Each structure stands twice: as structure tokens, then as C-alpha cells.
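Open the model in your viewer and keep the sequence panel beside it. Each stop below says what to select and what is there.

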Amino acid sequence: MKFKKRIIPKAKPKLINLIDKLVLAPINYDLFLNMLDESSDTFFDNPELEFELLLSNGLPLEFDDENNVYLKTTKNSIEEQTFCIVDIETNGSSVKKGFQVIEVGAVKYRNGEIIDKFESLVYAKEIPEYIQEVTNITPLMLEDAPIAETVLKEFKLFLGDDVFIAHNIKFDYEFISDSFEKYNLGKLENRRLCTIDLARRTIESEKYGLRALKETLEIEVDNHHRAYYDALATTYILEKSFSNLDRKKVKTVEDLIKFAKSSKVKDIKKVKEKKEIEPKKEK
């Protein structure tokens, strides 16, 4: 008795797979459009429109002389790149659960200098008591603040296609991206980097929370748990990490992103601890 071979349909690629390919090498524009057309999680049926949407959502795409699409971060040096260091305060854990941003702060940093800043409170009807205690932001302070949609539109323009940086980036990145989608502003496609990951590989410290690193590096920025000031403190952490990088190995921005996330790169604290417990070899 013959059994029919079960045919499992091949899974369609996703945008993240396409972006991963761009990290490795440029892609011919026509081929790139075909790959967009085959992706399962695009917004538009038209790949040209999807390409424009990726640009508007902060993916740093560019063309070379041979009509290939590439990520600017694969060619930009760390000195050439503008980094947008971001921090937010919110009145809850998730946009999908009905919560929102109550403050947005950001610093633009390029080639050793702070070149711009963004700072705004956001109107909200309610702030839980425990969040008021942590942030010192009260409902009274937000009464005359602009509404979330207005602040998010302004922030999206401020961010552009810069590399998005935050301390413990998953929360800030996803919360802002979900907030953008809530107000039909697209979503975040910016390249991103977490300063906790980077600091673990470049800075010796007992702990890597923001407050602990401020103490370790003697960063004198007050108003902890206020968005702009935490973004500013994170900028100084980023600057210190840059000063400790091996520039022979970490040349481009994509090198930096890979370095921060790579499991092959050991935390600097663990390397030091290992050296301290290893027995010295006799000469």
C-alpha cells in the first residue's frame, strides 16, 4: 500500500528576513521589490508603496550607483552616524492594554557631540499612584500638555531614520512602535541598539541598570526616571562605550549592532572575573 507524501507548503518570508539579507549585502532594487512582494507581513499589495512605507517608518535605505538597495548603517562609520537616544515614561505596561506615554525625551548624538534634543510631557487623564511616586509626574502637570497623537507625530519627524538607542530597548522601542500604529503613524523600522547590551561588553560594572551605571561612571545627571534626563544619562553611557570599543573590529554601525547583540562576545565583567580566578602559570 502506497502512502501519499504529505506536502508542507513553504513558509513565506517576512520583512525581518529581507532586512537580515540587507545587513549582509546590497540587493538589486527590482529583486528587492520582488522579495517585498513575496513577504507575508507587508502592509501594501504594491511593493513600490511598501518600499516607500519602509522609508517613512525609519528603515535607512539608500541606492548605490548600480541601482542596488542597501542599509546606510552597513556603510556608515560610528562617527558618521546620527544616533537618537530615547527614553519614555508611561502610565502602564502596554499600549495594547490601554496605556500610553506620558513623557518622551530624546537626544541626538553624532561624532562626539549632542546636536539636538526632544522633550515633551503628554496629556493623560490618569497616572497610577506608584508611577507618580517613581517619576514625580502628576496629573496636574499633564493638564496643559499636548495630546499623545501630536507628540508622537513630532517625535516621528525628529527621529527620522536615525539609529534608535535606549537603555533596556525592548520596552521603549515596542511601546513607541505600538503607539505609532495606534495613531496610524506606521511603526518603527529603525535600526536599534540597547545600551545595556553594549555596556556589558565595554564597561566594567557590578550592575548595568541605568542608576548603577550612572554611579559607576560618575554621571551627574539628576531627575532619575524623567524621560529627557534618563536619555541624557544614556547618551553619556553610550559615549563611554564608544571610547572602549576596538575600532579595528567594530568599524560600521552594523558592526556595532552585531557586537552589542552577539553571544560570541563575552561580558567584560565575566572576562575579568575569569582572569581573577584562573591560576597563574609558572614561568
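Select helices α1 and α2: their crossing is right-handed. This is a predicted model, and every stop on the tour should be read that way. Helix α1 covers residues 15-24 and helix α2 covers residues 29-38. An angle over 145 degrees counts as roughly antiparallel, so α1 is roughly antiparallel to α2.

Now show the side chains between these two helices. From α1, select Leu15, Leu18, Lys21 and Leu22; from α2, select Phe32, Met35 and Leu36. These are the residues through which α1 and α2 meet. By class, the contact has six nonpolar residues, one charged residue and no polar ones.

Stay in helix α1 and centre the view on Leu18. Is Leu18 buried or exposed? Its relative accessible area is 4%, and under 20% counts as buried, so Leu18 is buried. Leaving out residues up to four places away in sequence, Leu18 touches Ile27, Phe32, Met35 and Leu36. Draw a distance from the C-alpha of Leu18 to the C-alpha of Phe32: the value is 8.2 Å, for two residues 14 apart in sequence.

Next, move to a second pair of helices. Select α8 (residues 195-202) and α11 (253-261). Here the axes are 8 Å apart and the angle is about 80°. Angles from 65 to 115 degrees count as roughly perpendicular, so α8 is roughly perpendicular to α11. Where they meet, α8 supplies Asp197, Leu198, Arg201 and Thr202, and α11 supplies Leu256, Phe259, Ala260 and Lys261. The residues of this contact divide into four nonpolar, one polar and three charged.

From α11, go to the loop between α10 (227-243) and α11, and select Thr252 there. Which residues does Thr252 touch, not counting those up to four places away in sequence? They are Thr73, Thr74, Asn76, Ser77 and Ile78. Thr252 has 16% relative accessibility, so it counts as buried.

Two asparagines come next, and the thing to look at is the backbone angle phi. Most residues other than glycine have a negative phi. Select Asn136, in the loop between α4 (129-135) and α5 (139-142). The phi of Asn136 is positive, near 65°. Asn136 is exposed, with a relative accessible area of 54%.

Then select Asn223, in the loop between α9 (210-216) and α10. Asn223 also has a positive phi, near 60°.

Finally, zoom out to the whole protein chain and colour it by secondary structure. The chain has twelve helices and eight strands. Switch to a surface view: the chain exposes about 17,000 Å², with carbon and sulfur atoms supplying 49% of that area. Of its 283 residues, 46% count as buried. Last, consider the contacts in the chain between residues with a separation of 6 or more: residues 24 or more positions apart account for 65% of them.

Definitions and conventions:
Residues numbered from 1 in each chain as written. Predicted model: local features only at pLDDT ≥ 70, side-chain atom pairs only at ≥ 80, totals over all residues. Heavy atoms only, no water. Axes fitted to C-alpha atoms, helices over the stretch in contact; angles between N-to-C directions. Helix = DSSP H or I, 4+ residues; strand = E, 2+ residues; numbered from the N terminus. Parallel < 35°, antiparallel > 145°, perpendicular 65-115°, else oblique. Left-handed = near helix turned anticlockwise from the far one by under 90°. Contact = heavy atoms within 4.5 Å. Nonpolar A, V, L, I, M, F, W, Y, C, P; charged D, E, K, R; others polar. Buried < 20%, exposed > 50% of the residue type's maximum accessible area, 1.4 Å probe, protein only. Areas by Shrake-Rupley, 256 points an atom, 1.4 Å probe, with all protein chains shown as cover.
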